[in-house]
Every structure is written in structure tokens, then in C-alpha cells.
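Please examine the sequence and the three-dimensional model shown here before reading on.

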Amino acid sequence: MMYRHLRTILLVEDSLADAELVVDALREVKLDHSLIHVEDGVDCMDYLQCRGEWSAREPVNPVVVLLDIKMPRMDGLEVLTRMRGDERLRRVPVVILSSSREESDLARGWDLGVNAYVIKSVDVSEFLESVRTSAQFWAVLNQGPGEE
């Protein structure tokens, strides 16, 4: 039997309340993945590029990045721009989780290569179901390049 490392879902969210909702939703799905939570785009890029506190981690890309747009230090659209410009990260699936319904944010996300854009609904159960569905698709069903 070949050893397969535990796949990672990277959650990039500055709101601890929203992060807790996402964690709860993912826990309900019982995915066989680890969840890493960082609070802004700078920490996200440090994780993805194995820098700073993440310098010792195994350099394996997450199976999906769940990315907020509005964050301090570096916003989600800048993270997406940098990921799509990096040969090692450009194919990592990114799902934007945002409360922004602004057409300009939606359009810019799609122009930059986001894989999905999920609106943080005012209805908490609707938002949780969107997170569960997105995570199940990207972490379990989706077949990325170079995967067995």
C-alpha cells in the first residue's frame, strides 16, 4: 500500500466568527483532510511558499484554498493574483468566500482565475451548505493534474 499524506484545505479568513462557521461546516462533512487557518493574505502566501513560521512544512500544495477577499495586509484578490502568477501555485483550486456582492469583485475574481465564488449569505444555514458542498467537490470529487 502506498502512503498518501493527509491533504490540506487552506482557509484564509480574518473574521474568527466566519472561520469558526467554516470549520464547523467542514467538520460536519467529515473530510479526511487537515484544515489550516490563516488570517490574512500575507500569512497565506507564507504558508503556500513555505516561508516564515511555515518554512519547515512539507512543500505540498493544499487541495483547495478557501479565500476571503476583504482582509488586512493583503486582500484575497492580491493573493489570487500572486497564486496565478506562480508556476507552482497557479493550478491550486481557489474558492472565494466573500460577503461582497459587488459586481467588480466578482468580475475581478473570475478574471484572475478563481475556480468558484461563494457569497457569504446572511442565512447561516445556506452559507454552511455552500461551504460543505464546495469542500466536498474540491477536496474529494475534483481530480487535479498529476493526481492519482
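The model is a predicted one, in which local features need pLDDT of at least 70 and side-chain atom pairs count only at pLDDT 80 or more, while totals for chains, interfaces and linings use all residues. Residues are numbered from 1 along each chain as its sequence is written, and side-chain values use heavy atoms, with hydrogens and water left out.

The chain contains 5 helices and 5 strands, where helices (H or I, at least four residues) and strands (E, at least two) are DSSP runs numbered from the N terminus. Read from the N terminus, these elements follow the order β-α-β-α-β-α-β-α-β-α. The radius of gyration is 15 Å, close to the 15 Å that the globule rule gives for 148 residues, so the chain is as compact as a globular protein of that length. This radius is taken over C-alpha atoms, and the globule rule is 2.2 Å times the number of residues to the power 0.38. Along the principal axes, the C-alpha atoms fill a box of roughly 45 × 30 × 25 Å.

Of the 148 residues, 47% are buried; buried means under 20% relative accessible area, exposed over 50%, and partly exposed in between (1.4 Å probe, protein chains only). Among contacts with a separation of 6 or more, 67% join residues 24 or more positions apart, a contact being heavy atoms within 4.5 Å.

The mean positions of the 17 positive and 27 negative charges lie 5 Å apart. Here Lys and Arg count as positive and Asp and Glu as negative, without His and the chain ends, and each charge is placed at NZ of Lys, CZ of Arg, CG of Asp or CD of Glu.

Ser15 lies in the loop between strand 1 (7–12) and helix 1 (16–29). Its relative accessibility is 24%, so Ser15 counts as partly exposed. Ser15 and Glu39 are 24 residues apart in sequence, and their C-alpha atoms are 7.6 Å apart in space.

Asp46 belongs to helix 2 (residues 41–48) and counts as buried because its relative accessibility is 19%. Apart from neighbours within four places in sequence, Asp46 is in contact with Arg51 and Trp54.

Ser134 is part of helix 5 (residues 124–141). With a relative accessible area of 11%, Ser134 is buried. Its side chain reaches the backbone oxygen of Ser130 at 2.9 Å. Beyond neighbours within four places in sequence, Ser134 is in contact with Val95 and Val118.

Notes
A polar contact is a pair of N or O atoms within 3.5 Å; within protein, one must be able to donate a hydrogen and the other to accept it, and residues adjacent in sequence count only if both atoms are side-chain atoms.
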